[in-house]
Amino acid sequence: MNEYFIKIVDALGLAHMVRNGDKNEAPVEFSHRARNQCDRFSKCAGFLLYEKYRQYEGVVGSKCIFAIGHIKIPIKIEPSNCRVEGKDFPIEVMTIIDKTIPANQHHHGLSIQEINKICQDLNFRPRQKLGGLYPISKIQFDVLGAELNHRINNIR
């Protein structure tokens, strides 16, 4: 199935990204309760990362889409030791981040208002949702990805 998602992450999104040659690898974590969403995410064709407005390790999230990526092949769902605000996220999927706004400039990403203006049929609202997955269409993914790419290329 060719699914696309907006995946909600906490502040400091991609703080644990690893550079392997020309690839930017980053785990995306899930709770045990969200195992089915983790499995679904691991089969997606592409995703956009949205950073919540939450304080984490002294940094406040941007409330913006800041990165675009795809699942690393072969698919790896592995144990994780991620813990945020007392919650464990013990399952991770390894991903490749194709493009991202620099860490200290995530506020240049796509805000909720901009996401909904660009994709008027989406009505994106980043509410509490098990697994933090918001399905989007290929067209929505392409349009939002193109706008994000444009912003990334224009950051100085």
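## A guided look at the structure

Visitor: In which helix is Ile139 found?
Guide: Welcome! Keep in mind that this is a predicted model. Find residues 138-154, and you have the helix that holds Ile139: H3.

Visitor: Is Ile139 buried or exposed?
Guide: A residue counts as exposed when its relative accessible area is over 50%. Ile139 reaches 63% relative accessibility, so Ile139 counts as exposed.

Visitor: Which residues form a nonpolar patch on the surface?
Guide: Together, the members of this patch have about 250 Å² of accessible area.

Visitor: Is Pro27 buried or exposed?
Guide: Look at strand E3, residues 23-30, where Pro27 lies. Buried means under 20% relative accessible area. Pro27 has 11% relative accessibility, so Pro27 counts as buried.

Visitor: How far apart in space are Pro27 and Ile91?
Guide: In sequence, 64 residues separate Pro27 and Ile91. In space, going from C-alpha to C-alpha, the distance is 9.2 Å.

Visitor: Which element gives the largest share of the largest nonpolar core?
Guide: This core has 21 residues, and Ile6, Leu48, Ile65, Phe124 and Leu144 touch the most other members. Elements that give two or more residues include strand E1, strand E4 and helix H2. The largest share, 4 residues, comes from H3.

Visitor: How many disulfides are there?
Guide: A disulfide is a covalent bond between the sulfur atoms of two cysteines. Here, a pair counts when the sulfur atoms are within 2.5 Å. By this rule, the number of disulfides is 0.

Methods
Residues numbered from 1 in each chain as written. Predicted model: local features only at pLDDT ≥ 70, side-chain atom pairs only at ≥ 80, totals over all residues. Heavy atoms only, no water. Buried < 20%, exposed > 50% of the residue type's maximum accessible area, 1.4 Å probe, protein only. Patch = residues over 30% accessible without salt bridge, like charges linked within 9 Å, V, L, I, M, F, W, Y side chains within 5 Å. Areas by Shrake-Rupley, 256 points an atom, 1.4 Å probe, with all protein chains shown as cover. Salt bridge = Lys/Arg side-chain N within 4 Å of Asp/Glu carboxyl O. Core = buried A, V, L, I, M, F, W, Y, C linked by side-chain atoms within 4.5 Å.
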